[in-house]
Amino acid sequence: MTTLLISLAILIGGYFLYGALAEKIFGTDPSRPTPAVTNADGVDFVVMPTWKVFLIQFLNIAGMGPIFGAIMGIMFGPAAFIWIVAGTIFAGAVHDFIAAMISLRGGGLSLPELVGNELGSGVKQLMRGFTLALLILIGAVFVITPSQVLAQLTPSWLDVTVCAVLIFIYYILATMLPIDKLIGRIYPLFGAALLFMGIALLGYMIFSGIEIPDGFAEGLHNRRADAASGTHPLFPVLCITIACGAISGFHATQSPLMAKCLKNERLARPVFYGAMVAEGIIALIWAAAAIAFTGGYEGVASYMAQEGHSTGTFVTDLSFTWLGTFGGALAILGVVAAPISTGDTALRSARLIIAEIFRIPQKKLLNRIMICAPLFVMTFILMMVDFNVLWRYFAWCNQTLAVFTLWACTVWLARHGKVYLITLVPALFMQTVTVSYILLAPRPEGFGLPHTLSYGIAALSCVLALAMFAISLRALRSGRLKTDFT
């Protein structure tokens, strides 16, 4: 319990200390009008109350990520606690906050345009395709997951196919309707439920005297049963497995969504840095709850290895056992609603990206339909692909997107004469994670290269990236480097 409480205290302290530093480095300006005011269109650029923006941002970036990822990631051992805390404070929250601020200063532009404006037109084209592919992939993945859970809880005539169709119809509405009409009304409720469920679990563990066997005294080595085989090395696989609870590239597609609804820049740190810290807290609670409920790291692995068991069944079993009927109901709500909330905002972000590429105003419904029709067709086609294949590539693509975002943030900060180390260090770290992972991952997922060679190539890629950044920085300071973003 001591480990959990110390970790939570560090996370909260990180918001007040490191979050304040990030805010000071960027230089928020409360007197500067936000895009929600200057570009108001009643559809996507809509001023909303801060508490709503926070809860929507929290649910957008969280979903089931900090729960499922924490449960799977805690099987690696106590290093998961360190990654959640350090990743959230120094990487994830900074990533989300700086990306949101750049979007605010850029008139509410979406991620590919912001990254491309900082890293060049070639990268912009790459990011457009890469981000759209990722968002459509997320839309497909998060139709499948909740429809499978719903089918187990509803009458036989509501099978997986029917549930998937109903969820898909909801996606259509949530993607095209004004953000305050559907998302703005139901997301705060689901976001509050997700927070309440985490707080209830924490309270149960504290006041029931639950033992949390963290095992820090035995070291930080990999606790997975297959650790000796080397197929899932602690680094970088832990950093891929626990994404939403530490850092996730998907968040940078969602921050601009809420940047379009923020009424004042001074609220950016509570909303964006704060939402990421809240997500880290949820991940910590579920990681601790997983080993407490099963008796240790091996217990989590043993539970997951049983036939018919999954992260979804784990969440349900734990919640019903510890929190009773009400807690179980919240768990089911979370397992179903949270993935849906991730999928619909992913497709909404995809619509806005396409609109910005082709400069199509979104105030008219016909324009939104014109963009969404092919978008939904592509999502439907992807739903036919095996779920396990989709998930493997989503995990790696997600963290690769974080690398591009962090490098773009670094260039923006450097170009504006600000302290860019705050994003440069996590950019280099996450580049090492993603490059080494795809190289050492077994085929066909990756290249199956030896670990030492994979780490060496990843380190070399960072050296080359640093050299390119240094050259660009020198050109920038001499006035020879031009960028699209002014």
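In this predicted model, the axes of helix H11 (residues 251-259) and helix H12 (residues 268-294) come within 11 Å of each other and cross at roughly 135°. H11 and H12 are therefore oblique to each other. The crossing of H11 past H12 is right-handed. On the H11 side, the contact is made by His251, Ser255, Met258 and Ala259. Their partners in H12 are Phe272, Met276 and Glu279. By class, this contact of H11 with H12 has four nonpolar residues, two polar residues and one charged residue.

H12 also packs against helix H1 (residues 2-26). Here the axes come within 10 Å and cross at roughly 165°. An angle over 145 degrees counts as roughly antiparallel, so H1 and H12 are roughly antiparallel to each other. H1 passes H12 in a right-handed crossing. H1 brings Leu4, Ser7, Leu8, Leu11, Ile12, Gly14, Tyr15, Phe16, Tyr18, Gly19, Ala20 and Glu23 to the contact. H12 brings Arg269, Pro270, Tyr273, Gly274, Val277, Gly280, Ile281, Leu284, Ile285 and Ala288. Sorted by class, the contact of H1 with H12 has 15 nonpolar, five polar and two charged residues.

H1 has a further helix partner, H5 (residues 79-105). The axes of H1 and H5 come within 10 Å and cross at roughly 35°. This crossing, too, is right-handed. The H1 residues involved are Ser7, Ile10, Leu11, Gly14, Tyr18, Ala22, Glu23 and Phe26. In H5 they meet Val85, Thr88, Ile89, Phe90, Val94, Phe97, Ile98, Met101, Ile102 and Arg105. The contact of H1 with H5 has 13 nonpolar, three polar and two charged residues. Several H1 residues take part in both contacts. Among them, Ser7, Leu11, Gly14, Tyr18 and Glu23 meet H12 and also meet H5.

The largest cavity holds about 50 Å³ of space. Its lining consists of Leu59, Phe190, Ala193, Leu194, Leu330, Leu333, Gly334, Ala337 and Ala338. Helix H9 (183-207) and helix H14 (311-357) each supply at least two residues of this lining. H14 gives the largest share, five residues. By class, the lining of the largest cavity has eight nonpolar residues, one polar residue and no charged residues.

Two features of the backbone complete the description. Most residues other than glycine have a negative phi, and most peptide bonds are trans. The peptide bond from phenylalanine 235 to proline 236 is cis, with omega near 15°. Proline 236 has its place in helix H10 (residues 234-241). Arginine 359 has a positive phi of about 55°, although it is not a glycine. Arginine 359 is found in the loop between H14 and helix H15 (365-382).

Definitions and conventions:
Residues numbered from 1 in each chain as written. Predicted model: local features only at pLDDT ≥ 70, side-chain atom pairs only at ≥ 80, totals over all residues. Heavy atoms only, no water. Axes fitted to C-alpha atoms, helices over the stretch in contact; angles between N-to-C directions. Helix = DSSP H or I, 4+ residues; strand = E, 2+ residues; numbered from the N terminus. Parallel < 35°, antiparallel > 145°, perpendicular 65-115°, else oblique. Left-handed = near helix turned anticlockwise from the far one by under 90°. Contact = heavy atoms within 4.5 Å. Nonpolar A, V, L, I, M, F, W, Y, C, P; charged D, E, K, R; others polar. 1 Å grid on protein atoms, 1.4 Å probe; cavity = no way out; pocket = protein on both sides within 12 Å on 5 of 7 lines; lining within 4 Å. Points joined across faces, edges and corners; volume = space filled by probe spheres on them.
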